[in-house]
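Reader: Hi! Could you walk me through this structure in plain words?

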Amino acid sequence: MDLEKQPQKPVAPAEPALRASDADRDRIADILRDALAEGRIDAEEHGERIDAVYRAKTLGELEPLVRDLPAARPRAEPSQRSYVPGYAHEGEGGDPAAPADKLVAVFSSSTRKGRWRVGRRTNAFAVFGSVEIDLTEAIFTQRLTTINAVSVFGAIEVRVPENVTLRGAGTGVFGAFEVATLEAADPEAPVVVINGYAVFGAVEARPKAGRRIADLHAKMRKHLGG
């Protein structure tokens with residue numbers, strides 16, 4: 001038998017049930033972030049899809065979330081400006097391949113404030129603890145910043161400067177999820193989007209004159225009947 005004449009089996013397509021990696025989820029989140037910035041989806045739909053992204057376990061669950069969106073977009077030119085409160089522009093745009101920043105507080109507290117460079121994505125998670133994210137002096141190196149906030153018997157506070165656009169979509173389950181929508185006068189100002197949920201806890205985002213962590217704890221206790 002001539003082995004060279006044996007028919008070749010076609011290469012099977014990627015298995016939809018294949019487990020998704022963190023990199024797969026981040027890739028889908030990037031597409032959704034770009035779609036929000038381009039006006040293809042609104043903040044509420046972006047929040048719903050992002051929530052589904054980080055719940056997805058397989059590639060088959062991820063693909064439908066971006067099926068109606070462009071899979072890629074042209075990269076910004078190197079001369080694209082960075083975004084800083086007060087419009088003091090520094091450096092290049094954020095790295096789209098950079099992993100998400102993480103702030104975790106479990107029976108503890110975690111704070112990020114002062115003059116720090118904000119990444120494209122930040123995941124904040126508070127369980128019987130508190131997370132404070134202060135962006136009032138931060139350096140924005142990209143137009144859109146997404147913060148995924150999950151509070152379970154905890155409190156997460158996000159403070160932004162007054163010259164940015166602030167949007168959000170989330171859910172409170174026996175808790176409070178509040179985002180004080182803010183539209184910047186400058187159409188090119190940074191956009192901060194808050195997604196997530198609060199279960200017997202509190203998530204709050206507002207301009208720098210907003211409530212402090214102590215007030216969020218009081219609100220959380222109110223929902224618990226304490």
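This is a predicted model: local features need pLDDT of at least 70, side-chain atom pairs count only at pLDDT 80 or more; totals for chains, interfaces and linings use all residues.

Reader: Okay! How many helices and strands are in the chain?

Author: The chain has four helices and twelve strands. Those are DSSP runs, numbered from the N terminus: helices are H or I with at least four residues, strands are E with at least two.

Reader: And what share of the residues count as buried?

Author: 45% of the chain's 226 residues. Buried means under 20% relative accessible area, exposed means over 50%, and partly exposed is in between (1.4 Å probe, protein chains only).

Reader: What comes just after H1?

Author: Gly39, which takes a positive phi of about 80°.

Reader: Let's do H2 then. How far does H2 reach?

Author: H2 covers residues 43-55 and reaches 18 Å from its first C-alpha to its last, close to the 18 Å expected. The expected span is 1.5 Å times one less than the number of residues. The buried residues of H2 include His46, Arg49 and Ile50, and their cover includes helix H1 and strand E9.

Reader: What happens at the start of H2?

Author: There, a side-chain oxygen of Asp42 comes to within 2.7 Å of the backbone nitrogen of Glu45.

Reader: You mentioned Arg49. What does Arg49 form a salt bridge with?

Author: With Asp68, and the closest N and O atoms are 3.0 Å apart. Arg49 lies in helix H2 and Asp68 in the loop between H3 and strand E1, so the pair ties together parts that are 19 residues apart in sequence. A salt bridge is a side-chain nitrogen of Lys or Arg within 4 Å of a carboxyl oxygen of Asp or Glu.

Reader: Are those two buried or exposed?

Author: Arg49 is buried, with a relative accessible area of 12%, whereas Asp68 is exposed at 53%.

Reader: How many salt bridges are there by that rule?

Author: Seven. Another one joins Glu178 and Arg206 (4.0 Å, N to O). Glu178 is in strand E10 and Arg206 in strand E12, so this pair ties together parts 28 residues apart in sequence.

Reader: What else does Arg206 touch?

Author: The side chain of Arg206 makes a polar contact with the side chain of Glu204 at 3.4 Å. Glu204 is also found in strand E12, and at 2% relative accessibility Glu204 counts as buried.

Reader: New topic: which residues make the nonpolar surface patch?

Author: Val104, Val106, Phe107, Phe125 and Phe128 make a patch of about 500 Å². Phe125 lies in strand E4 and is partly exposed, with a relative accessible area of 35%.

Reader: Last one: where is Gly114?

Author: Gly114 sits in the loop between strand E2 and strand E3. The C-alpha atoms of Gly114 and Thr136 are separated by 7.7 Å, though these residues are 22 residues apart along the chain.

Methods
Residues are numbered from 1 along each chain as its sequence is written. Side-chain values use heavy atoms; hydrogens and water are left out. Contact means heavy atoms within 4.5 Å. A polar contact is a pair of N or O atoms within 3.5 Å; within protein, one must be able to donate a hydrogen and the other to accept it, and residues adjacent in sequence count only if both atoms are side-chain atoms. Patches are made of residues with over 30% relative accessible area and no salt bridge: like charges are joined within 9 Å, nonpolar side chains (Val, Leu, Ile, Met, Phe, Trp, Tyr) within 5 Å. Accessible areas come from the Shrake-Rupley method with a 1.4 Å probe; for residues, only the protein chains shown count as cover.
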